[in-house]
Amino acid sequence: MLFSTNSCSIDSKTSLLLEAGASVSPVNGDGQNALHLAASRGNIYVVKAILSFECDVDLKAQDNSGKTALQLAKIGGHTAAEKLLRSY
């Protein structure tokens, strides 16, 4: 499960998990999936991996506070993650 991948993850580790079929859909207690977490932390490597592997992730999914991954990236000032999410 990719959910446990944190902001210290490197691109190759994330890619290996995704290639092995790691799920990006489970949510935590705040209703955030792996994309929400990566975007909110500005982890561009994980955001890019999730998007490039065309994982079954809903870009419009909202967490318990009604925020999407894009909104969390913007709120956090993570412009690279925000730009990447906007391109999808």
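Trainee: Which residues of helix α5 are buried?

Mentor: In α5, which spans residues 79-86, the buried ones are Ala-81, Glu-82, Leu-84 and Leu-85. Buried means under 20% relative accessible area, exposed is over 50%, and partly exposed lies in between, with a 1.4 Å probe and protein chains only. Bear in mind that this is a predicted model, where local features need pLDDT of at least 70, side-chain atom pairs count only at pLDDT 80 or more, and totals for chains, interfaces and linings use all residues. Residues are numbered from 1 along each chain as its sequence is written, and side-chain values use heavy atoms, with hydrogens and water left out.

Trainee: What covers the buried residues of α5?

Mentor: The cover includes α2 (34-40), α3 and α4. Contact here means heavy atoms within 4.5 Å.

Trainee: Back to Glu-82. What does Arg-86 form with Glu-82?

Mentor: A salt bridge, with the closest N and O atoms 3.0 Å apart. The rule asks for a side-chain nitrogen of Lys or Arg within 4 Å of a carboxyl oxygen of Asp or Glu, and by this rule the count comes to 1 salt bridge. Side chains of opposite charge can pair when their charged atoms come close.

Trainee: How many residues apart are Arg-86 and Glu-82 in α5?

Mentor: They are 4 residues apart in the helix, so about one helical turn separates them. Glu-82 has a relative accessible area of 15%, so Glu-82 counts as buried.

Trainee: Changing topic: how many helices and strands are there in the protein chain?

Mentor: There are 5 helices and 0 strands. Those are DSSP runs numbered from the N terminus, H or I of at least four residues for helices and E of at least two for strands. Of the 88 residues in the chain, 41% are buried.

Trainee: Last one, where is Gly-66 found?

Mentor: Gly-66 sits in the loop between α3 (44-52) and α4 (69-75). Gly-66 is partly exposed, at 28% relative accessible area. Gly-31 is 35 residues away along the chain, and the two C-alpha atoms are separated by 9.2 Å.
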